[in-house]
Amino acid sequence: MRAPTRTAILPGCPTWPESFATRYRAAGYWKGETFGELLRARARSHGERTAVVSGSQRLSYSELDARVDQLAAGLHTLGIRARDRVVVQLPNVAAFLEVCFALFRLGALPVFALPAHRGAEIGYFCAFTEAVAYVIPDLHAGFDYRVLAEQVRAKAPTLRHVIVAGDAGAFIGLSTLYAPAIELEGPRAHDVAFFQLSGGSTGVPKLIPRTHDDYLYSVRASADICGLEASSVYLCALPVAHNFPLSSPGVLGALHAGATVVMSPNPSPDTAFPLIERERVTLTALVPPLAMVWMESAKARRHDLSSLRVLQVGGARLSDEAARRVRPMLGCTLQQVFGMAEGLVNYTRLDDPEDRIVTTQGRPISPDDEVRVVDDDDRDVAPGETGHLLTRGPYTIRGYYQAEEHNARAFTSDGFYRTGDLVRRTADGHLVVEGRAKDQINRGGDKIAAEEIENHLLAHPAVHDAAVVALPDPYLGERTCAFVIPRGTPPHPMSLTAFLRERGLAAFKLPDRVEFIDAFPQTGVGKVSKKALREALARASVLSR
Ligand code: OOB
């Protein structure tokens, strides 16, 4: 055991007050174990079992553990040290796990980017975190990440290394970095382990510092709630770096349980169904639109999906009607997951009555997750009423990285995170997500901060002002509509989206629709009324029917 009194945490990372930390340790939530140590322990107890299947590659726990040590040594030789930030943008491949665990063992901090991110996002992550390295695939889904890395490197002065899984070109090949293992001091469990990205509602994405202690607690408890055991097989179909497939219980929960992770390069039934059949997958996670696609595809019954015991659906609201169809169409138990990269995760339990599974988004992981449902003035609403969800607990952050001003708004003075979600609590403590108060679009689980897109639109010479709102959509739940006040003659809508793409914005953030307007409707206090804009859209779609 290392002394728990040494000060933890990177500068700029708010942490739990000591009284809470003491309580969470005493309750056994924070066990003082790091991710590097967890993998070592599983390699000892489950060495010969398969840890990960990725394409034609199969790695046992001892092989994964050894490769992680070798990669940590190679990264150390490159000069990567504890607390250095490394932007990791890898798809669902075994190398993702090797890179992350090697960085964990060094105490270096992965910044988890998504494969969909482009120059605007990656450039920002590199600059804001002063990243020293950036890890990419060569090609994925038809996109050449080396070209992106060239552009990013030109703008990120701290970036010393670009590391490529695959054909490295002018950069460093990941495969060249495996070196004989060396002794490393390693981080402490209360240190920050990595940064997750916030869906956000502000101009730039916020970074979420998660510690080994707090994240591992959520991983262990999630694995328990989902019944993971060594014989389980988890299919990673969503992008692995996202909090849901990473930790709820996700690939990390599977490794904690000594189970097998199967990496699916994409979530389409054409790719995932043959993997489920071949590897006898027992558990996987999807966002609602994909769950709908899977149910449609399963009708053809071309693949044997009988091994699948649990389908988790989360990231966005699943309609009660779609939820009801999961068991009859896929032959497995639905688990609704309502979580957030900032912390709190709610699950319906596998043995909940069917009605609770299909009509609620679950209840929190921990008895020490504190949940409040409040009105606009932070007063608790009456039981069963809808209000803003506030939360605090053993795996919910106390603040974003280097964001003092924003933290003052996003957290209450006593440390509750303002989730921006509108929820109702049922008599038995389950939460139902009724809406959202944050200025964000949830496009089938992909989060888009309206302000971020508005700022990019404002950079266009023909845009005088812009307001981005959600447009209801039967498939994705929501799509994005940009209302634009033009400066002079309106530009072609396509030229606006092309402009955003050229600025390096991820494709999922490009507006699905652009509407030109002379002036924005105003609220009583003279702000843009997005509610009125959404209502105008609803009226227009009724008229055009
Ligand atoms: C997950 O994490 P994030 O950080 O991408 O997004 C969090 C937000 C929540 O605040 C909520 O607005 C929305 O996504 N959300 C849901 C939901 N699950 C997430 N809204 C309605 N119903 C649901 N089931 O999305 C995430 C993280 C861990 C596990 C699962 C999802």
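## Close-ups of a predicted chain

**View 1. The whole chain, from contacts to overall size.** Residues 24 or more positions apart make up 68% of the contacts (heavy atoms within 4.5 Å) in the chain with a separation of 6 or more. Keep in mind that this is a predicted model, where local features need pLDDT of at least 70, side-chain atom pairs count only at pLDDT 80 or more, and totals for chains, interfaces and linings use all residues. Residues are numbered from 1 along each chain as its sequence is written, and side-chain values use heavy atoms, with hydrogens and water left out. The chain has 17 helices and 27 strands; these are DSSP runs numbered from the N terminus, with helices (H or I) of at least four residues and strands (E) of at least two. Its radius of gyration, taken over C-alpha atoms, is 23 Å, close to the 24 Å from the globule rule for 545 residues, so the chain is as compact as a globular protein of that length. That rule is 2.2 Å times the number of residues to the power 0.38. Along its principal axes, the C-alpha trace spans about 65 × 55 × 55 Å.

View 2. Which residues of H1 (residues 18-26) are buried? They are Phe20, Ala21 and Tyr24, where buried means under 20% relative accessible area and exposed means over 50%, with partly exposed in between (1.4 Å probe, protein chains only). These three cover an arc of only 100° around the axis, which puts them on the same side of H1; the arc is that of the directions from the helix axis to the C-beta atoms. Turned away from that side are the exposed Glu18, Ser19 and Ala26. Strand E19 (370-374) and strand E20 (386-392) are among what covers the buried residues of H1. Just after H1, glycine 28 has a positive phi of about 85°.

**View 3. An open sheet with three strands.** The 3 strands run in the order E25-E26-E27, with mixed pairing; two strands pair if DSSP finds at least two bridges between them. Strands E25 (463-473) and E27 (513-516) are the edges, each pairing on one side only. E25 and E26 (residues 477-486) pair in the antiparallel sense over 10 bridges, and valine 469 stands opposite cysteine 481 in E26.

**View 4. Two helices across the sheet.** Helix H15 (residues 450-458) lies across E25 and E26, at about 145° to E25. Helix H16 (residues 493-502) lies across E25, E26 and E27, at about 125° to E27. Axes are lines fitted to C-alpha atoms, for helices over the stretch in contact, and angles run from 0 to 180 degrees between N-to-C directions.
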